[in-house]
Amino acid sequence: MSDGTLPAPRGDLAGFAPYRTQQMDAEVRLQSNEWAEPNPAARHLREEDLERVLLNRYPKAATELLAALAERYGVGPEQIVLGNGSNEVLLYSFLLFGGHGRRTLLFQPTYSMHARLTQTAGGTVAEERIGLPYAVTRERALGAVERHRPEIVVICSPNNPTGTLVDEDVILAVARAAPRSLVVVDEAYADFAGVSVVPRIAERPNLVVVRTFSKARAAAGLRLGLLIAHPTVAAMYRAVQLPYNVSALTAAVAARVARDEAEVPRRVRQCAVEREKVSAALARVPAVETFDSVTNFVLFRIRSGAVDDAHARFLREGVLVRDVSSWPGCAGCLRVSIGTPRENDRFVAALDSVFGRVKA
Ligand SMILES: Cc1ncc(COP(=O)(O)O)c(C=O)c1O
């Protein structure tokens with residue numbers, strides 16, 4: 001019989017709550033920045049391809065996938081570290097370069113997992129509060145590096161939840177100012193913006209870039225992310241990486257998705273048109289302040305009135321958006337992902353009933 005005694009977790013994780021993405025039921029789901037059009041696995045793997053995926057064996061090196069990615073990013077395959085979603089390669093960054101007594105500098109508001117994973121790895125978060133509009137200037141960035149002397153700096157560009165880019169000059173200035181620190185550039189949404197700092201890794205070996213298949217590649221369910229680094233830094237990651245962290249099935253599908261080159265620019269074009277429609281509709285709502293975005297989501301702030309009330313009203317109209325009002329500097333803010341054209345029309349149509357009743 002148990003006496004009710006439980007094992008004790010590390011003290012700094014004792015109060016940790018699970019990561020939540022507000023997965024309520026709704027017809028129109030615009031809360032997770034996924035690509036909304038269906039992307040079935042059967043589009044990529046046929047029966048004969050599946051015959052070659054042998055589940056009894058541990059996966060072989062993902063040579064085909066690495067070759068496709070190396071070509072796409074103009075790097076060597078040895079510079080790529082694969083992960084079970086980009087969250088996994090982010091976690092490796094904090095385990096390797098962070099941990100007890102080490103600091104991660106974040107420019108808030110930003111993707112909340114960067115802080116959570118820092119803490120999971122035992123490290124300490126140092127925050128520079130940028131707020132809205134989100135402008136990470138060279139002065140702010142270098143000042144924060146000087147003050148906090150972090151072992152890791154994370155720059156999310158384009159940034160979630162603001163939808164805005166951080167200038168390459170700022171990123172490089174940080175990498176130059178702190179050559180012994182790891183500068184992680186989270187480019188989860190970079191396909192939508194059409195810019196990347198990957199070509200700068202050659203000159204700044206402390207720069208690593210994180211990409212994902214979850215957004216413009218329409219494969220969030222596949223769980224494939226990657227990190228691109230200087231070959232020596234990539235080898236450091238490989239030394240701590242879990243063996244066989246990407247399944248044979250994932251690697252087989254991902255190799256095809258990675259070669260699906262025409263689809264990404266098509267989605268990016270469609271997203272730009274739809275984002276314009278959604279942003280323009282939000283801009284017509286006096287009760288709302290809308291922030292410009294280069295991504296597949298738009299951040300907006302309710303000028304006055306309760307944000308949870310607005311969120312609930314959207315839900316009553318069948319539309320689920322993300323309440324990000326508890327993120328640092330985001331009081332009053334909601335974030336809407338760009339969905340299919342019909343879903344975006346539903347969001348636009350809901351604006352009247354949501355804000356007609358929220359006091360401006
Ligand atoms: C900035 C950013 N990085 C990483 C991720 C995680 O993506 P993945 O599905 O590759 O783990 C997300 C997901 O929303 C994100 O917004």
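Which residue has a polar backbone atom 3.1 Å from an oxygen atom of the ligand? That residue is N87, and the pair falls under the rule for a polar contact (N or O atoms within 3.5 Å). The structure is a predicted model, where local features need pLDDT of at least 70, side-chain atom pairs count only at pLDDT 80 or more, and totals for chains, interfaces and linings use all residues. Residues are numbered from 1 along each chain as its sequence is written, and side-chain values use heavy atoms, with hydrogens and water left out.

For R223, an N or O atom of the side chain comes to 2.7 Å from an oxygen atom of the ligand; for K215, a polar side-chain atom is 2.9 Å from a ligand oxygen. On its own the ligand has 400 Å² of accessible area, and the protein covers 93% of that (Shrake-Rupley method, 1.4 Å probe).

As for the rest of the shell, 13 residues surround the ligand, taking as near any residue with a heavy atom within 4 Å. The closest are S86, D186, Y189, T212 and S214. Sorted by class, the shell holds six polar, four nonpolar and three charged residues; here Asp, Glu, Lys and Arg count as charged, Ala, Val, Leu, Ile, Met, Phe, Trp, Tyr, Cys and Pro as nonpolar, and the others, Gly among them, as polar.

Helices (H or I, at least four residues) and strands (E, at least two) are DSSP runs, numbered from the N terminus.

L132 and P133 are joined by a cis peptide bond with omega about -10°, and P133 is in the loop between β4 (124-129) and α5 (138-148). Another cis bond runs from N160 to P161, with omega near 20°; P161 lies in the loop between β5 (152-156) and α6 (168-177). In the loop between α5 and β5, R149 has a positive phi, near 45°, though not a glycine.

Key:
Polar contact = N/O pair within 3.5 Å; in protein donor to acceptor, adjacent residues only side chain to side chain.
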